[in-house]
Amino acid sequence: MRILGIDPGLRTTGFGVVDVDGPRLRYVASGTVRTTHLATSALPDRLKVLYDGLREVVARYEPQQAAIEIVFVNVNPQATLLLGQARGCCMTALVSCDLPVHEYTALQVKKAVAGHGRAAKAQIQEMVKRLLDLPGLPGQDAADALGVAITGAHAGLAVQRLAALGQAPRKSGAAYRGGRRRTETG
């Protein structure tokens, strides 16, 4: 299974690709899609760069699923809205490539990678380096994206183990392949 992890951002979106074979993880690629060459007022152009960039990553590395970090409200509401638009653009790019998309919070990523939810960025970078046996530290955005991919791999392994035990996993988050559904109660 090949998983693409995404750390969304309007200026810099990180991506990380890992192969999963049971409990083994293998680094495939990582990097960033940057919009810093465009004016901050050019929001549609920046979103197009993110969209096209992620579609290019999917075409090049051919993942079977994607994982993206859930963004929470920051102190600055305007920055939060812009980040939300970037995240939506990233999700749209992934879904337009027919990838199932799973979402994870920063807390879930930190726990999966570093073992606790208060891990600093440097700790995430170091643990990603160790878990994937990398020769050096990845950049912060790429490390975060690899951490999201690792979280997706661990969650998938847990679901497989539950299925082997005959237990159905509890639904959490959303997979956007089929879309959200609203049910009416009578």
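Me: Which residue is the bridge partner of Thr 13 in strand 3?

Reply: Two strands are taken to pair if DSSP finds at least two bridges between them. Helices (H or I, at least four residues) and strands (E, at least two) are DSSP runs, numbered from the N terminus. Here the partner of Thr 13 in strand 3 is Val 33. Strand 2 (residues 12–21) and strand 3 (residues 24–34) pair in the antiparallel sense, over 10 bridges. Their hairpin has 2 residues between the strands, and Gly 22 takes a positive phi near 65° there.

Me: What should I know about the origin and numbering of this model?

Reply: This is a predicted model, in which local features need pLDDT of at least 70 and side-chain atom pairs count only at pLDDT 80 or more, while totals for chains, interfaces and linings use all residues. Residues are numbered from 1 along each chain as its sequence is written, and side-chain values use heavy atoms, with hydrogens and water left out.

Me: How many helices and strands does the protein have, and in what pattern do they follow along the sequence?

Reply: There are 5 helices and 5 strands. Along the sequence they follow the pattern β-β-β-α-β-α-β-α-α-α.

Me: How is strand 4 placed, enclosed by the rest of the structure or exposed?

Reply: A general idea comes first: in a regular strand, side chains alternate between the two faces of the sheet. Burial is judged by relative accessible area with a 1.4 Å probe and protein chains only: buried means under 20%, exposed over 50%, and partly exposed in between. Strand 4 is largely enclosed by the rest of the structure, because 5 of its 5 residues are buried. Gln 65, Ala 67 and Glu 69 are buried on one side, and Ala 66 and Ile 68 are buried on the other, which leaves both faces covered.

Me: Which strands are joined to strand 4 by bridges?

Reply: Strand 1 (residues 2–7) runs parallel to strand 4 and is joined to it by 4 bridges; in this pair, Leu 4 stands opposite Ala 66. Strand 5 (residues 101–104) also runs parallel to strand 4, with 4 bridges between them, and Ile 68 stands opposite Glu 103.

Me: Which residues does Leu 50 contact, leaving aside its neighbours within four places in sequence?

Reply: Contact means heavy atoms within 4.5 Å. Leu 50 lies in helix 1 and counts as buried because its relative accessibility is 0%. Its contacts are Gly 9, Leu 10, Thr 13, Val 33, Thr 35, Ala 86 and Cys 89.

Me: Is Val 57 buried or exposed?

Reply: Val 57, also in helix 1, counts as buried because its relative accessibility is 7%. Not counting residues up to four places away in sequence, Val 57 touches Leu 4, Phe 15 and Glu 62.

Me: Where is Glu 62 found, and what is its phi?

Reply: Glu 62 is in the loop between helix 1 (43–61) and strand 4 (65–69). Its phi is positive, about 50°, although Glu 62 is not a glycine. This residue counts as exposed because its relative accessibility is 56%. Asp 133, in the loop between helix 4 and helix 5, has a positive phi near 55° and is likewise a residue other than glycine. Asp 133 counts as exposed because its relative accessibility is 69%.

Me: Which residues line the second largest pocket?

Reply: On a 1 Å grid over the protein atoms alone, a pocket is an open set of points where a 1.4 Å probe fits, with protein on both sides within 12 Å along at least five of seven lines; lining residues have an atom within 4 Å of a point. The lining consists of Asp 7, Glu 69, Ala 106, Val 109, Lys 110, Ala 119, Ala 120, Lys 121, Ile 124, Asp 141 and Asp 144. Helix 3 (106–114), helix 4 (121–131) and helix 5 (140–164) each give two or more residues, and helix 3 provides the largest share, 3 residues.
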